[in-house]
Amino acid sequence: MSNISSVIKSIQDIMRKDTGVDGDAQRLSQIVWMLFLKIFADKEDEAEIIKDDYKSPLAEQYRWQNWAKDDEGLTGDELIDFINNDLFPYLQNLENPTNQQALIISNIFQDTYNYMKSGTLLRQVINKINEIDFNSSEDRHLFNDIYEQLLQSLQSAGNAGEYYTPRAVTQFIVDMVNPQLGETILDPACGTGGFLACTIEHLKKQSTTTNDGEVLNNSIYGIEKKPLPHQLCTTNMILHGIDTPINIKRDNTLAKPINNISPSERVDCIVTNPPFGGTEEDGIETNFPASYRTKETADLFLLYIIAKLKPNGRVGIVLPDGALFGEGVKTRIKEKLMEDCNLHTIIRLPKSVFAPYTSINTNLLFFTKCSPTKETWFYRLDMPEGYKNFSKTKPMKKEHFQEVIDWWKNKKEIHIDGFDKAKKYTIQEIKERNYNLDLCGYPYEEEEILPPMELIAKYQEKRTEIDKTIDEILSKIKSMIEVK
């Protein structure tokens, strides 16, 4: 199987014919639960070859291998009846306290539904999915690219404040934070698992022994509030070699008072893009000290992250412009951040990084929970040459970060055309600005505002010039016609 993209497109085309599937959100949810079971089945096939004592957490009749694999197996009303009235109730109530895989499957299917009504169309979808072999390194590699497209399609199903983070951004953050094998790494707003997938690949390069694989398995932590992204993340982790992703929890990170975070719960590294632009439900802010209470999710996540870090813990986080120059509670949060941590670097990202989902300008903040901040470096990453904006078809790429990576190795101030592209500010300078971190931003032309009469005079002057140009063009055309 070489063209997985066409398989996924065929699946989506088949689903569009089914009256039960309404819109992208349901179509995506439908694809994901089936892909999960197929991926799990392929992993089981692999485990049975490698481990003599492997025992499936599923009863035989509920394993994909037994009800879905035969192209001419269950179909029509019989298939729909089996899935709705037998398979789903079984998976949702799967209880085996000694088997962690059973717990993962049960959690995934708690809020999962079969939307398709036609058993014939459903059989066609299943047969298409069976064309993918997730134990084939080629298929698995190709599917990772397609999976990213599926994750991006989640945008149409998302709420305000939820954005798919481009791979270039997740890769850069993970590389700069540089997690080490044996450290605990958390994404407290993990969504579909992009940061964690990058972290796994980063740690695999450090892995040399069989035991290292087990260490890696126990190093990755994620929390996601909503069922569909959580399901996608769990599947993503299995695809990336975390066979039993028990540390990917479905929960609201902000629902626990941050003062109750014990030392044993703290982590070494946090890489994340928390929701921003949205607000939390009533009462969540009471989990935070009174002077920092707000409903803005990005602010609350920043406070949570500070509390969640071990001493010398490291962070790479995406935050909107508002977090840099906002006042009031935002100022107090920035003050706390710089008192508790060393906020050593801020990267100002060019506009439209998250296009077409949001036009909000974003920044990457890097800090370590050690001594208070003494100085902070700012670097403005400009739009690449040849780009006016990023878009779905022209996204930000890894190579666009190369100039920052080169600068990071030997940080120095850069000034271009009278503007600061890279500059270091002391904590004293930042305090004098009342913790306004809107520095090394993008140059813009000042708009000249003229008095009304002067504005009219300028307009008339321009209009006269335009009329004169038009007369000259018409005169030339007329003379050319007369010559002929």
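Strands β6 (residues 342-348) and β7 (residues 362-368) pair in the antiparallel sense, over six bridges. Here a strand is a DSSP run of E with at least two residues, a helix is a run of H or I with at least four residues, and both are numbered from the N terminus. Two strands count as paired if DSSP finds at least two bridges between them. Within this pairing, T345 stands opposite F366 in β7.

Before I continue, please note that this is a predicted model, in which local features need pLDDT of at least 70 and side-chain atom pairs count only at pLDDT 80 or more, while totals for chains, interfaces and linings use all residues. Residues are numbered from 1 along each chain as its sequence is written, and side-chain values use heavy atoms, with hydrogens and water left out.

β6 also has a partner in strand β8 (residues 375-380): four bridges join β6 and β8, which run parallel. R348 stands opposite R380 in β8. Is strand β6 mostly covered or mostly uncovered? It is mostly covered, since six of its seven residues are buried. Buried means under 20% relative accessible area, exposed means over 50%, and partly exposed lies in between, with a 1.4 Å probe and protein chains only. As a general point, side chains in a regular strand alternate between the two faces of the sheet.

Let us turn to β5. Seven bridges join β5 to β7 in the antiparallel sense, and P320 has T362 in β7 as its bridge partner. With strand β4 (residues 267-272), β5 (residues 309-320) pairs in the parallel sense over five bridges. There, T272 stands opposite I317 in β5.

Next comes F325, in helix α13 (residues 321-325). F325 counts as partly exposed because its relative accessible area is 38%. Which residues does F325 touch, leaving aside those up to four places away in sequence? They are K334, N436 and D438, where contact means heavy atoms within 4.5 Å. The C-alpha atoms of F325 and L437 are separated by 5.7 Å, although these residues are 112 residues apart along the chain.

Finally, the surface. I466, I470, I473, L474 and I477 form a nonpolar patch there, with about 440 Å² of accessible area together. Patches are made of residues with over 30% relative accessible area and no salt bridge; like charges are joined within 9 Å, and nonpolar side chains (Val, Leu, Ile, Met, Phe, Trp, Tyr) within 5 Å. A salt bridge is a side-chain nitrogen of Lys or Arg within 4 Å of a carboxyl oxygen of Asp or Glu. Accessible areas come from the Shrake-Rupley method with a 1.4 Å probe, and for residues only the protein chains shown count as cover. I466 is found in helix α17 (residues 452-483), and I466 counts as partly exposed because its relative accessibility is 42%.
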